[in-house]
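Here is a note to read alongside the model. Please keep the 3D view open and find each residue as it comes up.

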Amino acid sequence: MNQRYSLTAISLHWLVALGIIGTFALGVYMSDLPLSPNKLKLYSWHKWAGVSLFLLILCRLAWRITHRPPPLPATMRPAMRGIAQAAHWALYALMLAIPLTGWLMSSAQGFQVVWFGVLPLPDLVAKDKALGALLRDVHVTLNYTLLCVVAAHVGAALKHHFIDRDDVLSRMLPRAAK
Ligand code: HEM
């Protein structure tokens, strides 16, 4: 079996990673701003980026379901393999749930998402102030959960590279693509 990720898998991985870092940072920054036209503009950008990422993540998930990733090193203990696989599926679940709760929140707050100011997206739920506030809390909590899982993911990748000295990280780096 091929021991490396394909160029498509590598591109999707790093595009989504960059997109999430940017959208996360924008989310934290914009939330603390006082109400102004600039804040509303940044909210729109955040929503457009989030919806675009949602589509990209759907592509990534479709790719993952139809392609088998290269195997984990044979030296890894079964418990560690189980933890790694559970963490990967948790990442996929969070990456889908975060934009979805953002979209649901916008609908519940009564703000229809107009993608890039051009394409009005359907409201997923009717306007409901209490539900909007609840979904905001869910959106924020899921984001900080994602932050913790990503920190563990990055930590594990660095341990593989610098301590175990295997190819788990390098096979996901662009220069490793064949
Ligand atoms: C992967 C995609 C997304 C990420 C990583 C993300 C991340 C974040 C983060 C970190 C915050 C700030 C949380 C805080 O207060 O500390 C936030 C707030 C927010 N997000 Fe997202 N988000 C995403 C997608 C979306 C989408 C698709 C929408 C709507 C269509 C959306 C709507 C909002 C709104 C309205 C807020 C402000 C909540 C408030 O302060 O009332 N987000 N997001």
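1. **Arg 165.** Start at Arg 165, which is exposed because its relative accessible area is 68%. Exposed means over 50% relative accessible area, buried means under 20%, and partly exposed lies in between (1.4 Å probe, protein chains only). Arg 165 sits in the segment after α4. Its phi is near 55°, a positive value in a residue other than glycine. Most residues other than glycine have a negative phi.

2. **Ground rules.** This is a predicted model: local features need pLDDT of at least 70, side-chain atom pairs count only at pLDDT 80 or more, and totals for chains, interfaces and linings use all residues. Residues are numbered from 1 along each chain as its sequence is written, and side-chain values use heavy atoms, with hydrogens and water left out.

3. **Phe 116.** Phe 116 also deserves a look. Its phi is positive, about 55°, although Phe 116 is not a glycine. Find Phe 116 in the loop between β1 (114-115) and β2 (119-120). Phe 116 is partly exposed because its relative accessible area is 48%.

4. **Overall layout.** How many helices and strands does the protein have? The secondary structure comes to 4 helices and 2 strands. Helices (H or I, at least four residues) and strands (E, at least two) are DSSP runs, numbered from the N terminus. Along the sequence the pattern reads α-α-α-β-β-α. The C-alpha atoms fill a box of roughly 55 × 30 × 25 Å, taken along the principal axes.

5. **Burial and contacts.** The protein has 178 residues, and 33% of them count as buried. Contact means heavy atoms within 4.5 Å. Take the contacts between residues at least 6 apart in sequence: 68% of them join residues at least 24 apart.

6. **The iron site.** Which protein atoms are donors of the iron atom of the ligand? They are NE2 of His 46 and NE2 of His 139, 2.0 to 2.1 Å from the iron atom. His 46 belongs to helix α2 (residues 37-66) and His 139 to helix α4 (residues 129-164). The pair links distant parts of the chain, 93 residues apart. Donors are N, O and S atoms within 2.8 Å of the metal (3.2 Å for Na, K and Ca); water is not among the atoms, so sites may look incomplete. The site is octahedral, with angles of 88 to 178° among its 6 donor atoms. Six donors count as octahedral if opposite donors are over 155 degrees apart and all others between 65 and 115. Both His 46 and His 139 are buried.

7. **His 13.** His 13 lies in helix α1 (residues 7-31). Is His 13 buried or exposed? His 13 counts as buried because its relative accessible area is 13%. Leaving aside neighbours within four places in sequence, His 13 is in contact with Arg 60, His 153 and Met 172.

8. **Lys 39.** Lys 39 lies in helix α2. Lys 39 counts as buried because its relative accessibility is 11%. Neighbours within four places in sequence aside, its contacts are Met 30, Ser 31, Leu 33 and Pro 34.

9. **Arg 136.** Arg 136 is found in helix α4. Arg 136 is partly exposed because its relative accessible area is 40%. From Arg 136 to Met 105 is 31 residues in sequence and 6.1 Å in space, C-alpha to C-alpha.

10. **Thr 75.** Look in the loop between α2 and α3 for Thr 75. At 73% relative accessibility, Thr 75 counts as exposed. Thr 75 and Asp 166 are 91 residues apart along the chain, and their C-alpha atoms are separated by 9.5 Å.

How values were computed
Tetrahedral: all angles 85-135°; square planar, octahedral: opposite > 155°, others 65-115°.
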